[in-house]
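Me: I have a protein model open and would like to learn how to read it. Can we go through it one feature at a time?

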Amino acid sequence: EHKGSALRGALYHALRNRFCTMRDVTPECSSCLLWQACPVCALVSTLSADNRTGRDAARPYTIQPPLDGVRTRYEPGESLVFGLTLYAEALRLFPYVVMALCALEEGGLGRALPENGWRRGAVAVESIWAENPLTGEACEVLREDASAVSFPSLPITHKQVLSVARRMQGALRVEFLTPTRLVYRAGLVKPGNLRFSVLLARLLDRLESLARQFASPLEAPYAEL
């Protein structure tokens, strides 16, 4: 039912099973002595000793799950397409993400069902593409028969974002296409109580955390914004 959560969980376990050298020693990334040099921690269990909101820092990626409504079943041969966005310096870990996605072929995806011999759904990675949604450019970085991973060369730049922003006129409509959890003043925000200021504040929190961890602090005039 929650495809984004399922994909995030599968990515975490694939990364940990393939690249974690301490998984038989410690069950949690937070208690591992190597977390500062580990690609798994950097991507999906991001920790920071000086993070202003606690040791758990913002993760440098987002997943765009299939937007096919309440559909929960895929028949053999059908395609499942999803996106994954890496931010700032986390892009250097792109090859780890590709290899982890390929590892889904070993672990499968979805729930283990009795009709499937109590196994998860079998997955075969057909191709992985790099895309820039602002320019419309796309290039293939991994094919089913490829022997090497191509590094993506289509980053979204500050200049491109400014160009799109200048073309926006009038009202801006925000649609929540996937489940969204927002906390304001230690309380969960209910749909009827959502205000734009709450959404903007959470976006700015996320932006500052990502900038401090994977780029450089923004120190923007947040109160004024």
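**Reading helices, core and surface**

Reply: Start with helix α5. Its buried residues are V198, L199, L204, E208, S209, L210, A211 and F214. Keep in mind that this is a predicted model.

Me: What do the buried residues of α5 pack against?

Reply: They pack against α2 and β7, the latter being residues 183-184.

Me: How many residues does helix α5 have, and what should they span?

Reply: Helix α5 runs over residues 196-214, which makes 19 residues. At 1.5 Å a residue they should span 27 Å, and the end C-alpha atoms are 27 Å apart, so the two agree. With 17 residues, α1 reaches 24 Å from its first C-alpha to its last, close to the 24 Å expected at 1.5 Å a residue.

Me: Which residues of α1 are buried, and what covers them?

Reply: The buried ones are K3, G4, L7, A10, L11, A14, L15 and R16. Their cover includes α2, β1, β2 (83-86), α3 and β3 (109-113).

Me: How do I read a nonpolar core?

Reply: In soluble globular proteins, nonpolar side chains tend to be buried together. Here the largest nonpolar core has 30 residues, and L11, L15, L43, V44 and I128 have the most contacts inside it. Two or more residues come from each of α1 (3-19), α2 (39-44), β1 (61-64), α3 (94-107), β5 (127-132) and β6 (137-143). The most come from α3, which gives 7 residues.

Me: Which residues is L43 in contact with, leaving aside its neighbours within four places in sequence?

Reply: L43 is in contact with L15, R59, P60, Y61, L86, L93, Y96 and V97.

Me: How many salt bridges does the structure hold, and how do I read one?

Reply: There are 9. For each pair, look at where the two residues sit in the chain and how exposed they are. In one of them, the side chains of E1 and R111 meet at 3.1 Å, N to O. E1 is in the segment before α1 and R111 is in strand β3, so this pair ties together parts that are 110 residues apart in sequence. E1 is exposed, at 59% relative accessibility, and R111 is exposed at 61%.

Me: What about a salt bridge inside one helix?

Reply: An α-helix has 3.6 residues a turn, so residues three or four places apart point the same way. R212 and E208 are 4 residues apart in helix α5, which means that about one helical turn separates them. They form a salt bridge whose closest N and O atoms are 2.7 Å apart. R212 is partly exposed, at 44% relative accessibility, while E208 is buried at 2%.

Me: Which residues do salt bridges with shared partners join into one network?

Reply: R73, E75 and E115 are joined in that way.

Methods:
Residues numbered from 1 in each chain as written. Predicted model: local features only at pLDDT ≥ 70, side-chain atom pairs only at ≥ 80, totals over all residues. Heavy atoms only, no water. Core = buried A, V, L, I, M, F, W, Y, C linked by side-chain atoms within 4.5 Å. Buried < 20%, exposed > 50% of the residue type's maximum accessible area, 1.4 Å probe, protein only. Contact = heavy atoms within 4.5 Å. Expected span 1.5 Å × (residues − 1). Salt bridge = Lys/Arg side-chain N within 4 Å of Asp/Glu carboxyl O.
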